[in-house]
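Hello,

Here is the structure I said I would hand over. Please look through it first; my notes on what was found come after it.

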Protein chains: 2
Amino acid sequence: MTTEYTGAGDPRRSLELLWGVRERPRRGPRPKLTPERLVGRAIEIADADGLEAVSIRRIADDLGVSPMSVYTYVPGKAELLDAMLDRAMGEIVPPGDKAPGGRAAGDGAAGWRDRVAHVARENWRLYHAHPWLLQVATARPPLGPHLLDKYEDELRAIEGIGLTDLEMDSAVTLINALAESTARISVNRARAERRTGLTDREWWEATAPFLEEHVPPGRYPLGDRVGPAAAEVYDGAVGPEHAFEFGLARILDGIEALITTRRDQAEG
Amino acid sequence: MTTEYTGAGDPRRSLELLWGVRERPRRGPRPKLTPERLVGRAIEIADADGLEAVSIRRIADDLGVSPMSVYTYVPGKAELLDAMLDRAMGEIVPPGDKAPGGRAAGDGAAGWRDRVAHVARENWRLYHAHPWLLQVATARPPLGPHLLDKYEDELRAIEGIGLTDLEMDSAVTLINALAESTARISVNRARAERRTGLTDREWWEATAPFLEEHVPPGRYPLGDRVGPAAAEVYDGAVGPEHAFEFGLARILDGIEALITTRRDQAEG
DNA sequence: CTCCAACTCTGTACGTCGTACAGAGTTAAG
DNA sequence: CTTAACTCTGTACGACGTACAGAGTTGGAG
């Protein structure tokens, strides 16, 4: 039950795995597996049973080989996690892609808000499709093809609206940070419900009596007022997505303010 | 090397630990320890050697008892983590506190930007003082006194500026999300340097040749332009704090835009 | 005082993990 | 045919959280 770390081993070996450049060996028995199958199975296990279920033994078992055989294809577990990460990043749909039978979201220079919102929502979606992504601490970013594609697509979404290169990078980082943090809240909430069998409301009803007994009344006037208001939303249909959408709206407005200031300065 | 989960056990036992309401036992040998000492030692270990070094055996060893003796004071490791979290939250300095010999940051209604910035920077600081906080996945928030204090202080920082109760909660969540996500980047970076012995620059210099060899030139025009610009800042004196400060500025502007819109609607 | 319930503390043990190591079996190049 | 290169296997080590059973210690009840 701990955050797994990536990128512990030899960077070269790790990169070869990410880019799939290992050539077929000339001698020896036909390999039973491929790195791709290992990574694919690992992702399936993580999706189904959580990252803590992804063990070398389990993967080997599922694929019908002995545990140690896994190390023929992958330098170690850290590199496997790197590869899982990069593979998952490939599921992001870039903003330029046309929706079936429709226009792309946010064509043109004026459509940057739609494009950036799309980027944010795709990240949010990805974290919910693969909650284990949030448990992998990327010490160094695994520079696989999909991660690089993703960064390029995100830069493209925010290009040409009057930001400097550095600001573009910062804005993309900020959007990713929003999606990650709010998805983490949402995913942890869902996981807690699954693990404990208690909904948030039920958990709160089990907790409140204790607090009423031990917290001096009036100690938290704002919390007593605001907490329930927030809880009502989180229990409702909108749910944890509200924190994400609120943040997205604020950040888009904040970026817009930066652009406006910049333009006024240039013109003034 | 995995994310540790909190809040697995009996909520009541957990809350009793957080609030320290267990009364002194009437019979039996004098306890050698207290829950507080356990939690304190666990935090020291986590600060010094990382969360992965925090094991029941290690804590017991440090305190001169047998491993199983720890379970006399703490229901399990999950609850211990909860208590570590809440204790650490107590180190947050609320915005109202006077600086020694000076005025408080952002007194008055107009000073909300200073107050909120203070909240954000305190969170950022806390995550750097105790990087292991970022590895503890709070399934359900450990509702100890310090966490509740923190929430109250943060609401107070943003109160009275024209937001609804729900918006106040969302804004506080957003500020926390920003601090957490950007601190995570910064902390992971530092950890990677310590673990691998390579600075970011050295790591990149070891990585770049491989990418030059395997990435078709021109595939990442924006990344090739923006990446180096960003790297220059991150290697420099400002460092990873830049992402945090950029995000903070955008979010404050975004909140300000919301207030303005709200006020214009009321007056119009 | 005695007795016992309540309590603290300990050692042993189980099943998990990643992976080091040594060796057996298989294939193709020389 | 030999041998290097390669895949795959079983065993083993030292970590982890903690269940369980029992030993030792204390204070209140009789």
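The surface near DNA strand C has 10 nonpolar, seven polar and nine charged residues. Here Ala, Val, Leu, Ile, Met, Phe, Trp, Tyr, Cys and Pro count as nonpolar, Asp, Glu, Lys and Arg as charged, and the others, Gly among them, as polar. "Near" is set by the C-beta atom, placed from the backbone, lying within 6 Å of the strand. Around DNA strand C there are 26 residues, and the closest are A:Ser55, B:Gly28, B:Lys32, B:Ser66 and B:Met68. Helix H3 (residues 56–63) of chain A gives the most to this surface, with three residues. Helices are DSSP runs (H or I, at least four residues), numbered from the N terminus.

This is a predicted model: local features need pLDDT of at least 70, side-chain atom pairs count only at pLDDT 80 or more, and totals for chains, interfaces and linings use all residues. Residues are numbered from 1 along each chain as its sequence is written, while chains are lettered from A and ligands numbered from 1 in the order in which they are written.

Chain B can be laid on chain A with an RMSD of 0.1 Å by a turn of 180 degrees and a shift of 0.0 Å along the axis (superposed by least squares on the C-alpha atoms of residues with pLDDT of at least 70 in both). That is the relation of a two-fold axis.

Regards

How values were computed
Helices (H or I, at least four residues) and strands (E, at least two) are DSSP runs, numbered from the N terminus.
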